[in-house]
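Subject: Structure for you to look at, with notes

Dear colleague,

Please find the structure below, followed by some notes that you can read alongside it.

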Amino acid sequence: MKTLLTLVLALTVAGFAQQPAQPGSTRPAGQTAQPGQPGQPGQTAQPGQAAPGSQAGPPAQKKEIKDSAEYNAYVAALRETNPAQKATLMESFLTQYPNSVVKEDALEQLMAAYEQSGNAAKTIDAANRLLQVNPNNVRALALLAYNARNMAEQGQNMQANVAAARQYGERGLQALQSATKPEGVSDADWDKLKQQTEIIFHGAIGFAALQSKDFPTAQQHLQPRVGHQLTEG
């Protein structure tokens with residue numbers, strides 16, 4: 001399951017690291033900046049060029065940061081490859097621009113950066129902050145469901161963590177029903193993220209059901225997915 005969670009957060013970094021539209025950009029909504037292109041107000045992308053993995057069809061509305069300083073601060077944090085430094089830059093960005101249009105995206109990146117740098121407490125804190133912005137964020141719910149189950153399995157605050165695992169699992173499955181693919185993310189990556197978070201959510205509910213000896217519910221959520229969990233780690 002740890003491998004599965006790592007894959008989910010890796011998708012957060014790779015699949016969801018989309019630059020917002022540049023200040024003053026005149027490109028159509030949904031068309032992304034060219035890879036490696038610096039943020040310059042008024043600069044436009046070449047017609048028809050999109051990020052790798054983007055899909056044909058009606059694009060989602062592209063988020064646009066109006067202020068050039070805010071844009072450059074976000075892109076600098078987004079492009080940082082060292083996880084600890086990336087977390088520092090994202091924290092600075094969120095402090096300086098607490099109402100940014102990309103606040104949810106920045107918190108997703110922050111959560112993944114903390115996880116990659118091995119800071120468990122800060123990872124959980126970022127996930128909780130993310131749910132304050134969007135209570136249905138499936139990546140945050142998956143991380144919290146996994147963490148609660150893991151803590152319970154280790155015997156830490158057993159009753160509370162079992163209850164939390166089930167709660168986050170149920171919330172996660174409900175959120176998946178209405179989740180929409182973000183702009184710039186391929187169908188394959190989006191399907192993979194949904195499948196992997198679904199395994200985490202079902203696993204958390206099934207684990208919690210086992211602790212209360214609700215065997216029918218445990219079987220419902222665990223049995224069809226045993227093979228997937230073994231495959232994914």
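Is Arg129 buried, partly exposed or exposed? Arg129 is partly exposed, its relative accessible area being 23%, where buried means under 20% relative accessible area, exposed means over 50%, and partly exposed lies in between (1.4 Å probe, protein chains only).

Before going further, please keep in mind that this is a predicted model, in which local features need pLDDT of at least 70 and side-chain atom pairs count only at pLDDT 80 or more, while totals for chains, interfaces and linings use all residues. Residues are numbered from 1 along each chain as its sequence is written, and side-chain values use heavy atoms, with hydrogens and water left out.

**Salt bridges**

Side chains of opposite charge can pair when their charged atoms come close. The structure holds 9 salt bridges, a salt bridge being a side-chain nitrogen of Lys or Arg within 4 Å of a carboxyl oxygen of Asp or Glu.

In one of them Arg129 pairs with Glu91, and their closest N and O atoms are 3.1 Å apart. Because Arg129 lies in helix α5 (residues 120–133) and Glu91 in helix α3 (residues 83–96), this pair ties together parts that are 38 residues apart in sequence; helices here are DSSP runs (H or I, at least four residues), numbered from the N terminus. Glu91 counts as buried, at 18% relative accessibility.

Another salt bridge joins Glu153 to Arg149, again with 3.1 Å between the closest N and O atoms. These two residues are 4 apart in helix α6 (residues 138–153), which means that about one helical turn separates Glu153 from Arg149. Glu153 is partly exposed at 47%, whereas Arg149 is buried at 13%. Returning to Arg129, salt bridges that share partners join Glu91, Asp125 and Arg129 into one network.

**Helix α2**

Helix α2 (residues 68–79) has 12 residues and spans 16 Å from its first C-alpha to its last, close to the 16 Å expected at 1.5 Å a residue, the expected span being 1.5 Å times one less than the number of residues. Its buried residues include Glu70, Tyr71, Tyr74, Val75, Ala77 and Leu78. These residues lie on the same side of α2, because they cover an arc of only 160° around the axis, taken from the directions from the helix axis to the C-beta atoms. Among what covers the buried residues of α2 are α3 and α4 (103–116).

With kind regards

How values were computed: Contact means heavy atoms within 4.5 Å.
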